[in-house]
Amino acid sequence: MDILIKNGIVITMDKERRILKDFSISITDGIIEEIKPEIKGEADFVIDASRKIVMPGFVNTHTHLAMSLFRGVADDLPLMRWLQEEIWPMEKKLEANHVYAGALLGCLEMIKTGTTCFNDMYFYMDEVARSIEESGMRGVISYAMFDFGDESKADDILKEGGKSIKKYNVAGSRIKAVLGPHAPYTCSEKLLVKTAEMAKKHNTLIHIHVAETKEEVETSKKEKGKTPFEYLDNIGFLRDNVLASHSTWVTEKEIKILKKRNVKVAHNPTSNMKIGCGVAPIPEYIENGVLVSLGTDGAASNNSLDMFQEMKICALLHKINKRDASVVPAEKVLEFATINGARALGLDNEIGSVEVGKKADVILVDLDRPNLTPLTNPVSHLVYSARGCDVDTVIIDGKIVMEDRRVRTIDQPQVLNFAMEQARDLYQKTAKEDKLF
Ligand SMILES: [Zn+2]
């Protein structure tokens with residue numbers, strides 16, 4: 001065996017949601033081979049997991065990694081001002097190297113906080129793929145497609161968006177390419193319909209922003225006579241391969257449509273709160289059997305990629321919103337962040353839980369910490385008390401990517417320097433140099 005993890009508390013996230021005390025795990029050729037109280041035999045690498053939680057790595061289902069370079073550059077602004085005055089001018093000047101630096105920085109932050117797989121939509125996706133390859137992460141990528149309603153551009157844009165599907169979707173790869181039409185309000189009907197056709201043909205996921213703000217819904221009603229999800233359903237877009245991020249402003253009727261079409265939701269509570277968009281109806285989604293997963297969104301609207309923070313904010317937001325402490329309990333939130341994320345990305349046969357036969361995307365959380373003592377309920381501790389810096393080991397695809405908080409795949413000082421250098425270059429090009437402290 002390649003790796004033996006001994007005597008840990010294993011939070012499996014399997015169907016029975018078993019939590020196993022003092023269990024060991026063996027990993028061979030990237031696959032979880034055995035989970036038993038005691039495993040005999042020689043291993044190349046042995047990890048003592050006593051006083052540690054062993055669990056599936058987080059699956060962050062909505063990111064724009066390269067926006068890590070915009071962290072803190074524009075806070076406390078309403079959405080349209082934030083986009084028009086700050087984000088879009090910077091995105092216009094973006095070059096491949098900026099995206100590469102931002103994506104590497106994002107991968108480093110995610111590894112250090114226990115995320116092993118993410119779903120990213122942006123530009124220059126070859127650079128994001130490169131950062132996945134070098135960092136050892138697992139990632140789903142989509143080129144952000146939009147034609148702003150100009151149908152004559154739809155074919156070319158779709159062609160560009162579809163390129164990476166052929167390039168990256170090879171068996172055994174940690175990279176999966178999917179289609180990313182940005183949103184119903186930035187894509188023409190033609191582009192959306194053709195995207196759905198292409199996704200069907202290639203059996204691939206569609207990653208799209210839907211119903212993020214109230215204004216988006218009002219405009220959709222005015223221009224199309226329908227709310228965003230009603231419109232998408234009407235043009236035959238909604239199927240079980242659609243992952244809709246945000247899905248904040250929806251009617252009861254739309255929740256039923258999501259269930260009927262088996263559409264998955266990527267919930268981004270911090271981003272929704274920070275931009276002041278609203279509160280997604282997560283308790284209603286759960287009640288109606290709509291699959292909810294969890295995402296951070298980009299670091300410009302969060303400003304962190306730490307899924308521990310995201311879990312805690314998710315649990316707390318819905319409790320205060322409903323004035324009911326029993327809604328969205330810790331167990332549900334941990335599902336959102338692990339197995340549901342894998343299901344949302346169509347990867348649940350491979351990742352999302354610690355089970356024999358699955359790929360070894362596993363993290364270890366150090367319990368020898370004041371904030372995690374005494375150990376009463378491990379799941380509660382993960383959601384309400386733990387932080388990303390409590391993760392001490394990260395294994396992805398059976399490879400040790402972080403050991404004792406030291407990332408083995410990429411060099412932290414180098415990644416940080418490169419990010420600073422590229423941020424400076426981008427800020428100079430957009431006359432925002434004064435934003436760097
Ligand atoms: Zn987004």
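Student: Where is Lys256 found?

Tutor: Lys256 sits in helix H8, residues 252-261. Helices here are DSSP runs of H or I with at least four residues, strands are E runs of at least two, and both are numbered from the N terminus. This is a predicted model, where local features need pLDDT of at least 70, side-chain atom pairs count only at pLDDT 80 or more, and totals for chains, interfaces and linings use all residues. Residues are numbered from 1 along each chain as its sequence is written.

Student: Is Lys256 buried, exposed or partly exposed?

Tutor: Partly exposed, because Lys256 has 14 other C-beta atoms within 10 Å. The cut-offs are 20 or more other C-beta atoms within 10 Å for buried, 12 or fewer for exposed, and partly exposed in between, with C-beta atoms placed from the backbone.

Student: And how far is Lys256 from Tyr285?

Tutor: Their C-alpha atoms are separated by 9.1 Å, and the two residues are 29 apart along the chain.

Student: What about Lys435, where does that lie?

Tutor: Lys435 is in the segment after helix H15 (412-429). With 15 other C-beta atoms within 10 Å, Lys435 is partly exposed.

Student: Which residues is Lys435 in contact with, leaving aside its neighbours within four places in sequence?

Tutor: Val73 and Tyr427. Contact here means that the C-beta atoms of two residues, placed from the backbone, lie within 7 Å. Lys435 and Ala74 are 361 residues apart in sequence, yet 9.1 Å apart in space, C-alpha to C-alpha.

Student: Switching to helix H6. Which of its residues are buried?

Tutor: In H6 (residues 214-224) the buried ones are Glu216, Val217 and Ser220. Down the axis of H6 these fall within an arc of 100°, so they line one face of the helix. The arc is that of the directions from the helix axis to the C-beta atoms.

Student: Why would residues three or four places apart point the same way?

Tutor: An α-helix has 3.6 residues a turn, so residues at that spacing point the same way.

Student: What's on the face of H6 turned away from the buried side, and what covers the buried residues?

Tutor: The face turned away carries the exposed residues Lys214, Glu218 and Lys222. The cover over the buried residues of H6 includes helix H7 (228-234). Just after H6, Gly225 takes a positive phi of about 75°.

Student: Which residues other than glycine have a positive phi?

Tutor: Among them are Asp76, with phi near 60°, and Tyr124, with phi near 45°. Most residues other than glycine have a negative phi, and most peptide bonds are trans. Asp76 is in the loop between strand E6 (58-63) and helix H1 (79-92), and Asp76 is exposed, with 8 other C-beta atoms within 10 Å. Tyr124 is in the loop between strand E7 (115-122) and H3, and counts as partly exposed with 19 C-beta neighbours inside 10 Å.

Student: How do helices H2 and H3 cross?

Tutor: The axes of H2 (residues 96-112) and H3 (residues 125-135) come within 8 Å and cross at roughly 40°. Axes are lines fitted to C-alpha atoms, for helices over the stretch in contact, and angles run from 0 to 180 degrees between N-to-C directions. On the H2 side the contact includes Val99, Leu104 and Ile111, and on the H3 side Val128 and Ile132 are among the residues.

Student: Last topic: what are the domains?

Tutor: The domain assignment gives domain 1 (3-56 + 360-407) and domain 2 (58-344); such bounds come from an automatic or database assignment. Their C-alpha centres lie 29 Å apart, and 20 residues of domain 1 are in contact with 22 of domain 2.

Student: Which element gives the most to the side of domain 1 that touches domain 2?

Tutor: H14, with 5 residues.
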